[in-house]
Amino acid sequence: MFGFLCKTLGRSATDVRNSSFFLEVASVVLIRDLSSSSKKISKAADKQKQKCLVNRRRSPPKTASSSAFPQVHSHSESPEGIPPPVLGFLKNHGFSDAQISKLITSLPRLISCDPEQTLLPKIEFFNSIGITGPDFTRILTQNPNLWIRSISKRLAPCYDFIKGVVFSEDKAVASLKIAPRMLQSDMQTNIAPNIASLRKLGATQPIVSFLVSCHPTLLLRAKANFEKHVREALDMGFDPKTSAFVHALRMFVGTTELTQERKKAVFRRFGWSDDEILSALKTNPMFLTISEKKISDGLDFLMNKMGWQRDAVARVPMVLCYSLNKRVIPRCSVVQVLQSEGLSRVDDFSLSSVLIPPEKVFLARFVTKYEEQAPQLLNVYKGKLGVRE
């Protein structure tokens, strides 16, 4: 392979070995060797090769010593057809062919490193904090620059900072699994100011811990942008001491003011007042992140077909987020059968008791309990038997 590259590039062996362009083109050829049957890998390789050729025309080749990885020549001098050790190393540590392809394409310098010296310490670090297996390979594939981050100057300090905020190793790991980009951030510059803003407003430790461990991506926003959404949540009346405040931040981050108004207009078409909409928002604002159609379909079914009033929906607005076909309609169909058979009164059912419980609880409460009087309930629930209008 090495001889082929020299001939292809029309350059001497010495020039090629010292060329960063060689590393990039070698990565392309090796990706193809790694899984020739994979069309996805081949396409990625072709795209990378075109990029390499364009970059070579634009600027003179740089020496391999400019790479962030220490230079290793042993793979360049390997017999033809034998891939660099980094490929087998990644494979042995759980990376799939597709993940290795993506890594080499995203970070061609990876092909030139000594895996034992450069990659193994990163693997040991992540394993030591509890990020292993599929979580580890996913995070490092999606964030390849973590391979070239210093453990002592970046990765370990980031982890220690997060652990110091949530007071829990498990919660710190949970946070990094959700937002591994935090490991590439300067905690004191980017994350700490946002946490400080919340604490200044009176956010308690449990709320801060909940935000960091469950919704850490909110903290990755620029300070000015983060504080803008904090003000919006405060203006709507959310208390920073409650989890609803965190959900309000999620809603404001995920929607624009124009989008919010369009969705509120859907509620108004179903007779809701602004006070009723606000009451529902304060209960759980995340329902305003779903589409206008989903809101409309949900309100039409719950209010017009099932007969629940506005205040009933406003008390548990998150039911609008549930799947209409997979959760809401099957459960409501069971309710309709129980009512038609005279096995229960309308007053016995509330939106929260019907739609919120886990499936196991719902089945025990509304299906299994009545299987002798109404044996068709399970088939109705599974959609195998329709409900008479």
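Leaving aside neighbours within four places in sequence, which residues is Leu140 in contact with? They are Phe95, Leu103, Phe126, Leu146 and Trp147. Contact here means heavy atoms within 4.5 Å.

A note on the basis. This is a predicted model, in which local features need pLDDT of at least 70 and side-chain atom pairs count only at pLDDT 80 or more, while totals for chains, interfaces and linings use all residues. Residues are numbered from 1 along each chain as its sequence is written, and side-chain values use heavy atoms, with hydrogens and water left out.

Leu140 sits in helix 8. Helices (H or I, at least four residues) are DSSP runs, numbered from the N terminus. Leu140 has a relative accessible area of 0%, so it is buried. Buried means under 20% relative accessible area, with a 1.4 Å probe and protein chains only. Ile123 lies 17 residues away along the chain from Leu140, and their C-alpha atoms are separated by 9.5 Å.

Turn to Phe126, one of the contacts of Leu140. With neighbours within four places left aside, Phe126 is in contact with Ile131, Phe136, Leu140, Leu146, Leu155 and Leu183. The largest nonpolar core has 103 residues, and Phe126, Trp147 and Trp272 touch the most other members. Helix 9 (residues 151–166) gives this core its largest share, 8 residues. Such a core is a set of buried Ala, Val, Leu, Ile, Met, Phe, Trp, Tyr and Cys residues joined through side-chain atoms within 4.5 Å.

Phe126 is among the buried residues of helix 7. Helix 7 itself runs over residues 115–129. Its 15 residues reach 20 Å from first C-alpha to last, close to the 21 Å expected. That expected span is 1.5 Å times one less than the number of residues.

Now the two ends of helix 7. At its start, a side-chain oxygen of Asp114 reaches to within 3.1 Å of the backbone nitrogen of Glu116. After the helix comes Gly130, with a positive phi near 100°.

Cysteines next. Cys113 is buried, at 3% relative accessible area. Cys158 also counts as buried, at 3% relative accessibility. The count of disulfides (pairs of cysteine sulfur atoms within 2.5 Å) comes to 0.

Terms used
Buried means under 20% relative accessible area, exposed over 50%, partly exposed in between (1.4 Å probe, protein chains only). A polar contact is a pair of N or O atoms within 3.5 Å; within protein, one must be able to donate a hydrogen and the other to accept it, and residues adjacent in sequence count only if both atoms are side-chain atoms.
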